[in-house]
Amino acid sequence: MGKRSVEKVQVLIAGAGLAGLTAAIWCKRLGLHAVVIEQNGQVGGQLLHIHNEIWDYPPHIYDNGQALLEVLMRHGKMAELDCRLNETLRSIEETTHRVYTDKNTYQADYVILSTGVRPNTLPILRHSKLVLAPSFSTTLQGDLLHDKQVLIIGGGDRAMESGYNLAAYARHVWVVARSSQLRARAEWVERLSRCANVTIRLNTEVVRTREEAEPKGVYLRQAGVPGETFLAVDWILPRIGVSGNSDPVPFLKRYGQDFIEVDQHQLTSTDWIYAIGDVTNGAAYASLALAAGQAMKAVKHISMRKTEG
């Protein structure tokens with residue numbers, strides 16, 4: 001089998017979510033040749049997983065992420081973008097500017113990483129048949145858990161939101177968090193506290209599951225309390241945060257859970273690689289508006305560097 005040919009590009013954008021597509025549009029506006037690669041079979045990224053109303057991305061209010069994506073796809077320049085689906089970033093050579101995917105090899109002047117995040121998992125639940133998929137939508141699929149007993153793991157906004165949504169269907173919802181206080185916003189905690197069929201346990205972690213005998217469930221350990229407590233549940237829904245999809249670039253400086261460090265121009269520790277969106281923002285600052293602004297900033301900085309020389 002012969003060697004792959006190398007395709008030269010000015011800007012290679014990895015990830016076709018809102019940030020990546022916005023970056024590609026700005027490249028078009030500023031006269032930069034950009035190629036967008038996306039590992040999935042369609043564009044949209046995290047937009048495809050937002051099932052609630054989006055009212056904080058003006059000027060419009062969208063029913064969900066899909067509705068926003070449909071509007072974006074009607075943008076006059078979208079059809080002109082070079083967006084390559086089902087192509088996965090494998091690695092980047094820091095010194096040669098070579099970018100390797102599962103299909104092609106690129107020689108890129110600049111790279112913009114818009115690779116997003118992945119849900120965190122618990123090793124003890126890796127092979128459990130009680131665990132719902134990370135993509136499970138409590139908004140769209142909550143009725144599948146009618147009259148079930150559900151355990152949600154996590155203390156952030158998404159855990160509280162999931163508990164609130166499922167309380168309308170489940171017989172009972174338990175929410176456990178390892179910390180001594182919830183990280184979620186007060187509004188979500190207050191909503192959940194009004195649900196009579198929801199129990200919150202702090203300083204508590206899942207130790208193991210029991211699936212070989214009825215009733216199925218989990219063993220819990222509470223800080224300061226000796227022994228373990230068994231809790232019968234039908235389903236487990238981990239909502240324990242996210243990590244940055246930065247595995248292909250281990251040489252970049254990172255912080256927290258694999259999020260990529262950037263400067264005020266979205267430039268990483270390697271002077272020709274930029275990062276935008278959730279892969280650099282982390283959970284605390286995840287925002288559609290911020291991601292779009294970062295895309296503009298990164299591309300404008302690239303354009304200015306090319307102009308200067």
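## A bridge between β8 and β14

Val-150 has Trp-235 in β14 as its bridge partner. The model is a predicted one. Strand β8 covers residues 149-153. Its pairing with β14 is parallel and runs over four bridges.

## The four-stranded sheet

β8 and β14 belong to an open sheet of four strands. The order is β10-β9-β8-β14, and the pairing is parallel. Two strands sit at the edges: β10, residues 198-201, and β14, residues 235-238. Each of these pairs on one side only. From one strand to the next, the twist averages 20°.

Which strands does helix α3 lie across? The helix spans residues 157-166 and lies across β8, β9, β10 and β14. Strand β9 is made up of residues 172-176. Relative to β8, helix α3 runs at about 165°.

## The second largest pocket

The second largest pocket holds about 230 Å³ of space. Its lining counts 14 residues. Nearest the centre lie Leu-18, Thr-22, Tyr-57, Leu-72 and His-75.

Which elements give two or more residues to this lining? They are α1, residues 18-29, and α2, residues 65-73. Helix α1 provides the largest share, with four residues.

How does the lining of the second largest pocket divide by residue class? Eleven residues are nonpolar and three are polar. None is charged.

Methods
Residues are numbered from 1 along each chain as its sequence is written. This is a predicted model: local features need pLDDT of at least 70, side-chain atom pairs count only at pLDDT 80 or more; totals for chains, interfaces and linings use all residues. Side-chain values use heavy atoms; hydrogens and water are left out. Two strands pair if DSSP finds at least two bridges between them. Axes are lines fitted to C-alpha atoms, for helices over the stretch in contact, and angles run from 0 to 180 degrees between N-to-C directions. Contact means heavy atoms within 4.5 Å. On a 1 Å grid over the protein atoms alone, a cavity is a set of points where a 1.4 Å probe fits but cannot get out, and a pocket is an open set with protein on both sides within 12 Å along at least five of seven lines; lining residues have an atom within 4 Å of a point. Grid points are joined across faces, edges and corners, and a volume is the space filled by probe spheres set on the points. Ala, Val, Leu, Ile, Met, Phe, Trp, Tyr, Cys and Pro count as nonpolar, Asp, Glu, Lys and Arg as charged, and the others, Gly among them, as polar.
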